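This report describes a two-chain model from the level of the single chain up to the contact between chains. The sequence and structure are shown first.

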Amino acid sequence: MIPLIDYLILSAVLFTIGIVGILIRRNIITIFMSIEIVLNSVNLSFVAFSRYLGNVDGQIVVFFILAVAAAEAAVGLALVVAWFKLKESIQVDDMKLLKG
Amino acid sequence: MVIAFYVLSFLAIFSAIMVVTSARPIVSGLYLLLCFVAVAGLYVTLSAPFVAAMQLIVYSGAIIVLILFVIMLLNQHTELDKKRSKWVTGLSTLAAIVIGWGVYFTFISSKIVMAHDKMSPIGGMKGNVEQLADVLFSRYFVPFEIISILLIAAMISAVFISKKRL
C-alpha cells in the first residue's frame, strides 16, 4: 500500500515546480500554466486526504476549485487578449503602465 | 497499483518540469496536457473516478483548448531574449525551493499525516458518485448554487473584456 505521505510529497514537488515557473518565466501564458500546475497540486493533496481519512468532503472542494479555475482561465485569457491588442506584447516586463 | 502510482507521478513531475523549462509556449501547453492526464490517473489510483473525469473534461478538455487557442491567436511562438539577469532567476528558484521545502517539512513533521499509511476502508470506487451527490446536494447546496452565479459572471466579463472597444 502507498502511504499518504507519498501523495503529499508528490503534491509538494508539483507545487514547488509551479512556484518556480511563476517566478522565473516572463511570458504571461507560461505563468498562467504554472498557476494551473499549483492548483492541480493542491487538488491532489485534497483528494489524497479525502481518501485516507474516509471523508468525501475533500472531493467536493476539488469540484469547487475546478469551477473557479475554469472561471479564472476564461477571464485571465480574455485579459491577456485585451492586453495584447493594446501593446502587441505578452511579456510581463512590458506591463508597467501603473509605474509612474 | 504501486507501479501505477510511481509511473504516473514520474510522468506528472517530468511534464511539469518541461512546462516550466521549454522555451515555446505551445510545447509548454502540450506538456501541461500530459501533466493533467497524469494527475487524472493519480485520482483513479485514489479511487476518485468522478474527480478524475472532471479533471479530464474541464482541465484537459476546456482549459487546455482555451490556452492553446489563445497561443495560436496571439502568434507569439518564441520567447524574446532574456532581459532579466541570471541573479534574479537563481534567487527566485532558490526562494521557490525554500517555500516547497517548508511545505514538505510541515507534512513530514505532522503526526496525523505520518499515522495514515493505509487507505480508509470507507469510500472506494463503488458508489463514489452517489456519495458525492449526497453530500453536494445537502451540506454544500448553497456554495454549489453560488458557483453557478460565479460562472455566469466570469462568462459575461470575458465577453465584455474581449469586445473591440472597452
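The sections below treat each chain in turn, then the contact between them, and finally one residue in its surroundings.

## Basis of the model

The coordinates are those of a predicted model. Every value quoted here is computed from that model.

## Chain A

Chain A is built from helices: three of them, with zero strands. Its order along the sequence is α-α-α. The C-alpha trace extends over about 55 × 25 × 20 Å along the principal axes.

The radius of gyration of chain A is 17 Å, whereas a compact globule of 100 residues would have a value near 13 Å. Where contacts in chain A have a separation of 6 or more, 46% of them are between residues 24 or more positions apart.

## Chain B

Chain B contains seven helices and zero strands, arranged along the sequence as α-α-α-α-α-α-α. Its radius of gyration is 20 Å, well over the 15 Å given by the globule rule for 166 residues, so chain B is more spread out than a compact globule.

In chain B, 25% of the 166 residues are buried. Of the contacts in chain B between residues at least 6 apart in sequence, 58% link residues at least 24 apart.

## Domains of chain B

The domain assignment divides chain B into domain 1, residues 2–126, and domain 2, residues 127–166. The C-alpha centres of these two domains of chain B are 23 Å apart. Their contact involves seven residues from domain 1 of chain B and five residues from domain 2 of chain B. On the domain 1 side, the residues comprise four nonpolar, two polar and one charged.

## Contact between the chains

Chain B contributes 73 residues to the contact and chain A contributes 62 residues. On the chain B side, two or more residues each come from α1 (2–21), α2 (25–45), α3 (49–74), α4 (86–108), α5 (111–115), α6 (128–136) and α7 (141–161). The largest share, 12 residues, belongs to α3(B). By class, the side of chain B that touches chain A has 53 nonpolar, 15 polar and five charged residues.

## A helix pair across the contact

Two packed helices are described by the angle between their axes and the distance between the axes. For α1 of chain A (residues 4–24) and α1(B), the angle is about 5° and the axes are 9 Å apart. Because angles under 35 degrees count as roughly parallel, α1(A) is classed as roughly parallel to α1(B).

From α1(A), the contact is made by L10(A), V13(A), L14(A), I17(A), V20(A) and G21(A), and from α1(B) by S9(B), A12(B), I13(B), A16(B), I17(B), V19(B) and V20(B). The residues of this helix contact divide into 11 nonpolar, two polar and no charged.

With 8 other C-beta atoms within 10 Å, K96(A) is exposed, because a residue counts as exposed at 12 or fewer. K96(A) and I28(A) are 68 residues apart along the chain, and their C-alpha atoms are separated by 14 Å.

Key: Residues are numbered from 1 along each chain as its sequence is written. Chains are lettered from A and ligands numbered from 1 in the order in which they are written. This is a predicted model: local features need pLDDT of at least 70, side-chain atom pairs count only at pLDDT 80 or more; totals for chains, interfaces and linings use all residues. Two residues are in contact if their C-beta atoms, placed from the backbone, lie within 7 Å. Helices (H or I, at least four residues) and strands (E, at least two) are DSSP runs, numbered from the N terminus. Ala, Val, Leu, Ile, Met, Phe, Trp, Tyr, Cys and Pro count as nonpolar, Asp, Glu, Lys and Arg as charged, and the others, Gly among them, as polar. The radius of gyration is taken over C-alpha atoms; the globule rule is 2.2 Å times the number of residues to the power 0.38. Domain bounds come from an automatic or database domain assignment. Axes are lines fitted to C-alpha atoms, for helices over the stretch in contact, and angles run from 0 to 180 degrees between N-to-C directions. Angles under 35 degrees count as roughly parallel, over 145 as roughly antiparallel, 65 to 115 as roughly perpendicular and the rest as oblique. A residue is buried if 20 or more other C-beta atoms lie within 10 Å of its own, exposed if 12 or fewer, and partly exposed in between; C-beta atoms are placed from the backbone.
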